[in-house]
Amino acid sequence: MTGTAAPFAADDYRARMERAARSAAEAGLAGLLVAPGPDLVWLTGYAPTAVTERLTLLVLAPGQDPVLVVPTLEAPDAGKAAGASALTLRDWTDGKDPYAATAALLDAGGRFGISDNAWAMHLLGLQKALPGTSYASLTEALPMLRAVKDTAELELLAAAGAAADATFEEIRKVPFGGRRESEVAADLAGLLRRFGHSQVDFTIVASGPNGANPHHEVGDRVIERGDMVVLDFGGLKDGYGSDTSRTVHVGEPTDEERRVHDLVRAAQEAGFRAVRPGVPCQEVDRAARAVIADAGYGEYFIHRTGHGIGVTTHEPPYMIEGEEQPLVPGMCFSVEPGVYLPGRFGVRIEDIVTVTEEGGRRLNDTTREMVIVD
């Protein structure tokens, strides 16, 4: 996990921690326990250089000042974090019990939200120190904690999206035919970094029959003339995510390939048009899925329509049947329907979309028409 270069000050992090503590109370929790990872970066600006077996944990509770429990040898770095002045550091030295130090900050009979990525040894250590406590994952307890972005976050997400768009405009100029998927994937990674990404999370290049696997692992298959190629790539720029998909064709496509590509493009447009405040997340999925199902390809759309994005490239909310969370201005998520024909080819088109007061705004603007590459 990289630290964020976002222009946030201590007051921004203070406000986030206060909001998180209030949200915990509203959810009936005694507080939140946040381990190193995206939640800690978002709340404090602190990302340890290395995550080890030594306990680092942010304790947030209503009516209490935030406390970051850290190993003594890491306290100097923690003290340099952008949000450090908005919290109290409590360090512990090797040979001492970090769970006893943390237990003193907690309600002995409380129920706490805890980071999904907290180590099991740390959760078990807390339970042993405070047998009367219970825990729920943050995704279960507060799934919308980071979902609504402020103006500065939206600007960073837009910049990340623009960098991904610039990457696509360049990759479409390179040769595809006769090269391995892995070579094109390396080009994508290099371009993402060239346009400002500090972290590349994925570079899917799925050619021909490999395109029927939505999360194809890039391999050594040689891309051939006549292949449809699904490109899906993204990562972090200044601490915020990009994620976009376009499907290109090496040489002229067949009528069927054009028809399926146009179908997915229409489904993607329908999903985007469904975005507006107050609409349940599942309606975005339903709108996109209906277009594909009505054309007789419903069984070949095998994943959700979208996922949230922010300081990670996948996070709540999710555009999927059964998710009744209403859309709220400031939410950002992908709209990415696809059709996957086993053994033949696949098509996916993906934009990041943010909810506005009036509807939705795309953060990716490259063409959604069929692109022919060499």
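This is a predicted model: local features need pLDDT of at least 70, side-chain atom pairs count only at pLDDT 80 or more; totals for chains, interfaces and linings use all residues.
Colleague: Why is the pair of Phe8 and Tyr13 called edge-to-face?
Modeller: Rings of Phe, Tyr and Trp (its six-membered ring) pair if their centres lie within 6.5 Å; planes under 30 degrees apart count as stacked, over 60 as edge-to-face and the rest as tilted. Here the centres are 6.2 Å apart and the planes stand at 80 degrees, so the pair is edge-to-face. The structure holds 4 aromatic pairs. Ring pairs also link Phe8, Tyr13 and Tyr240 into a cluster.

Colleague: Are Phe8 and Tyr13 buried or exposed?
Modeller: Both Phe8 and Tyr13 are buried. The term means under 20% relative accessible area, with exposed over 50% and partly exposed in between (1.4 Å probe, protein chains only).

Colleague: What sits over the ring of Phe8?
Modeller: The charged end of Arg16, 4.3 Å from the ring centre. The term requires NZ of Lys or CZ of Arg within 6 Å of the ring centre and within 35 degrees of the ring normal. Arg362 sits likewise over Phe272, at 4.1 Å from the centre.

Colleague: What makes β9 and β17 a pair?
Modeller: Strands pair if DSSP finds at least two bridges between them. β9 (residues 240-250) and β17 are joined by 3 bridges and run parallel. Val250 stands opposite Val373 in β17.

Methods
Residues are numbered from 1 along each chain as its sequence is written. Side-chain values use heavy atoms; hydrogens and water are left out. Helices (H or I, at least four residues) and strands (E, at least two) are DSSP runs, numbered from the N terminus.
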